[in-house]
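Hi everyone, thanks for coming. Let me walk you through a structure that may be new to you.

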Amino acid sequence: MSTVSVDETVPEPPAFPGRRWLLPSAVIHEFDPAGARPGRRPRRTARDWLVDFSCFLLAVFVGLLAADAVGDNPHVSHTAAGLDQLLGALACAAVWLRRRWPLGLALATIPLGVLSDTAGGACAIAVFTLAVHRPFRYVAWVTAVDIAAVPLTFRLRPDADLPYLVSVVLSVVLIVSAVGWGLLVRAKRQLMFSLRDRARRAETEARLRAEQAQRLAREAIAREMHDVLAHRLTLLSVHAGALEFRPDAPQEEVARAAGVIRESAHEALQDLREIIGVLRAADHDDMGRPQPTLAALDTLVAESREAGMKVILDSRVADPAAVPASVGRTAYRIAQESLTNARKHAPGTEVTVTVTGGPGEGLCVTVRNPPPEGEVPHVPGSGQGLIGLTERATLAGGRLEHGVEKDGAFAVRAWLPWG
């Protein structure tokens, strides 16, 4: 079976048609890479600016609290306290670079955290950002080094109010909490990405299945038209050959042969115009069977009733035999597929088949069933038959609609030309 290609030239709709400012720029870039500026970082959204400004204020607030504590710490000289505050100010300013260089900022804040208590808030934000934007292997190494530097920090500058062990434990808990929070944010984003990819794959597969169903329906149409036209063209060939080899035939035979040729040509052209899509069963036993017409609808309903279905047939066509064979075949197939779908998706419900119309106004076929009672197991490949019906009706010059109505019932409505 040949593969079905997807048209790559059709532009996809934007991933986020509105409210892009509510999402991080990294998420938007991952979902919609085509909208990114080539060779440049994703532009910050309003949410990014708000989060970055909040992180900066948090780092400054923690730094001010630490600066007061360092000023009152008897173990820290006045010069060391001034240097501590200077390094803390640089660390707070570097918070604005956390999106551009998360790994570099996390590595740079490790020595800053050892030398400056005022940089503690910026250090926590740096490891949080690293956990959000980089794989776990980088986070593990940087966190391990950061935790290993905590005892050294309190050896150089012991806390004036807390014991050494308590200070170390609290700092380690703060670092682990920041890293855990960042890993949680990253996990939620990765889940969003995976769900988005899964949805895209599902949409692509559904589009491929729809295209394949249309292609198979068209191939079946070609086979059906070959069978129909072969009969017509054979008649044309036989009678034309008879006229060619018997030019001295009586006038009555010549006129009769010419009439057959004219009638066969007319029927062949009519079949070509309508391009009736009759799907023929793949079993070899069905090959050569006469195609059903609208007059066979009674038999179809009777067979469905014998199979246990509740079917009501409301045929308001005065003379079903007057319906053109091509139109009758299409109407029969629509009713047949609709009854099959009702049996699969709404077992036990009462199905109503209504056929109305006349010459000049067209033939209308409606198959309607109420919703099933209780849960019905999902049927694999659902929807492919409806795609074939729509293709068949369209190529016959008609139209077909299907869907759930306001009262919950499912209906298939088709109109076919009859004129």
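Predicted model: local features only at pLDDT ≥ 70, side-chain atom pairs only at ≥ 80, totals over all residues.

Residues are numbered from 1 along each chain as its sequence is written, and side-chain values use heavy atoms, leaving out hydrogens and water.

The chain has 11 helices and five strands; these are DSSP runs numbered from the N terminus, with helices being H or I of at least four residues and strands E of at least two. Of its 419 residues, 34% count as buried, meaning under 20% relative accessible area with a 1.4 Å probe, protein chains only; exposed is over 50%, and partly exposed is in between. Among contacts (heavy atoms within 4.5 Å) with a separation of 6 or more, 71% join residues 24 or more positions apart.

Now, the unreviewed UniProt entry annotates "transmembrane region" at residues 49-67, 105-131 and 162-184; such annotations may be inferred rather than shown by experiment, and the positions follow the numbering used here, with feature names shortened. Residues 105-131 are 85% helix and 0% strand, with end C-alpha atoms 12 Å apart. For residues 162-184 it's 91% helix, 0% strand and 31 Å between the end C-alpha atoms.

Is it buried or partly exposed? Val169 counts as partly exposed because its relative accessibility is 44%.
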